[in-house]
Amino acid sequence: MPPMLNRDDLHAATAPLNRARSMPAGFYTDPAIFAAERQQILLKRWFFLAREEQVPNPGDYLTFDTAGGPVILIRGQDGKARVFANYCRHRGSILVEGEGNCSRIVCPYHAWSYLSDGTLYGCPDMKDAEGFDRTENGLVPLRMESWAGFIFATYNRDAPALIDCLGDLPRRMASHKLNDMACTWRITLAPNCNWKLILENAMETYHTGVVHKDSVGAQQSRTLPTQGDWLCIQVISGRSIATLPGTQPPPFPAIDGLDDDARQGTYFTVIHPSLQFAVAQDCMWWLNVTPLAHDRSLLEIGGCFPKQTLDDPDFEAKAKPYYDRWELVGREDVGILEKQQKALGSVAYKPGPLSWRDDQVQAIGIWVLDQLEGRMPG
Ligand code: FES
Ligand SMILES: [Fe+2]
């Protein structure tokens, strides 16, 4: 048990749902808990970066903050995408920021330069450095694997293969044909709240009729069983909920060949530790949470459509209601989560009782606790 959390509080938080309480405030507000999560979860697990088509050409790069520091995703001249720690092997400057294309990565400090496969290429005035071997001073690679076009990386050389972590997620989403989709839009928000609050929020529909009363409105969901390192609910609706209810009908058609379950609604997921896929009848969007501190996170929302849909001559106009909905709802959630984070800081805080609609809120907390206690998820 994490020593900084009270045993009775944890007992109450992990009790059967009809008797369970919220996690103690420290779970969300204590820097020591965050440090433990970073070591035992965030630096051990796979984290999502981007889709393959976001770096289509040799030299294309994207940069990201991660729980383990800044990284760069860059496609080499050989066509292979790679992920490197985004720091210079001389004295550690960030190498590149934002996104773009370059034939060489040139450090902005003393102009060491690297090829897009990470090889150190230029290093002025290093002739006298004893024992200096440029082949040993290339960019530091991270392990990278992709599934269905989604690129993940990890700092852990011993992490199980990505596909093994995904368990039965590929089977559950097979009829959506995610590998045939392309990312067309993304936005990054920077909520001042704990990373777990963001995940919890997207896994319950208890709040939607309140926080989103003027946008998506009230919803109902059911929890689906999963195998592997992920959780899943389905928000029930025969039409896609990727646009607001006022946009009737959704501008894009349902994906051909959706299976019976997929036709019934939108899957919302947590892919442990901090990625969420929302997969609707006509598109998918991700909520990629990057935990930066106990009270600071990044939330990237990225939208993808079937490549066939992109061929629609009116694609941009038809896609706008989707983009507007994702951003509006994301901002509504961030608004309430920042209020929640602030209140969790009250010295008078006592964990409150959970509703039956909070089952996945509890499941997320229990998964994290299990990792901190060194047990494998059950
Ligand atoms: S820190 Fe990059 S060249 Fe000196
Ligand atoms: Fe929400």
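Lysine 177 is partly exposed, with 33% of relative accessible area. Keep in mind that everything here comes from a predicted model. You'll find lysine 177 in the loop between helix 5 (169-172) and strand 11 (181-189). Its backbone is worth a look: lysine 177 is not a glycine, yet its phi is positive, at about 50°. For background, most residues other than glycine have a negative phi, and most peptide bonds are trans.

Look for aspartate 125 in the loop between strand 8 (120-122) and strand 9 (143-147). Is aspartate 125 buried or exposed? Aspartate 125 counts as exposed, because its relative accessibility is 72% and the cut-off for exposed is over 50%.

## Two cis peptide bonds

Now for the peptide bonds. Glutamine 248 and proline 249 are joined by a cis bond, with omega at about -20°. Proline 249 sits in the loop between strand 13 (230-236) and helix 8.

A cis bond also runs from histidine 272 to proline 273, and here omega is near 5°. To find proline 273, go to the loop between strand 14 (265-271) and strand 15 (275-279).

What about the geometry? Four donors count as tetrahedral if all angles lie between 85 and 135 degrees, and for comparison the ideal tetrahedral angle is 109.5 degrees.

## A covered helix

How many residues of helix 6 (residues 195-202) are buried? Eight of its eight residues are, which leaves helix 6 mostly covered. The buried residues are Trp195, Lys196, Leu197, Ile198, Leu199, Glu200, Asn201 and Ala202.

A side-chain oxygen of asparagine 194 comes within 3.0 Å of the backbone nitrogen of lysine 196.

Zoom in on strand 2 (residues 60-66) and strand 3 (residues 69-75): they pair in the antiparallel sense over six bridges. Aspartate 65 stands opposite proline 70, which belongs to strand 3.

## Salt bridges

How many salt bridges does the structure hold? There are 14. One of these pairs is glutamate 52 with arginine 75, whose side chains meet at 2.8 Å, N to O. That pair links distant parts of the chain, 23 residues apart: glutamate 52 is in the loop between strand 1 (47-51) and strand 2, while arginine 75 is in strand 3. Glutamate 52 counts as partly exposed at 22% relative accessibility, whereas arginine 75 is buried at 9%.

Other salt bridges sit within a helix. In helix 8 (residues 260-263), aspartate 260 and arginine 263 are three residues apart, so about one helical turn separates them. Their side chains meet in a salt bridge of 2.6 Å, N to O. Aspartate 260 is exposed at 53%, and arginine 263 is partly exposed at 46%. Helix 10 (residues 315-344) holds arginine 331 and glutamate 327, which are four residues apart, about one turn of the helix. The closest N and O atoms of that salt bridge are 2.9 Å apart. Arginine 331 is partly exposed at 45%, and glutamate 327 is partly exposed at 28%. Elsewhere, Glu99, Arg186 and Glu300 are joined into one network by salt bridges that share partners.

Notes: Residues numbered from 1 in each chain as written. Chains lettered and ligands numbered in written order. Predicted model: local features only at pLDDT ≥ 70, side-chain atom pairs only at ≥ 80, totals over all residues. Heavy atoms only, no water. Buried < 20%, exposed > 50% of the residue type's maximum accessible area, 1.4 Å probe, protein only. Helix = DSSP H or I, 4+ residues; strand = E, 2+ residues; numbered from the N terminus. Polar contact = N/O pair within 3.5 Å; in protein donor to acceptor, adjacent residues only side chain to side chain. Pairing = 2+ DSSP bridges. Salt bridge = Lys/Arg side-chain N within 4 Å of Asp/Glu carboxyl O.
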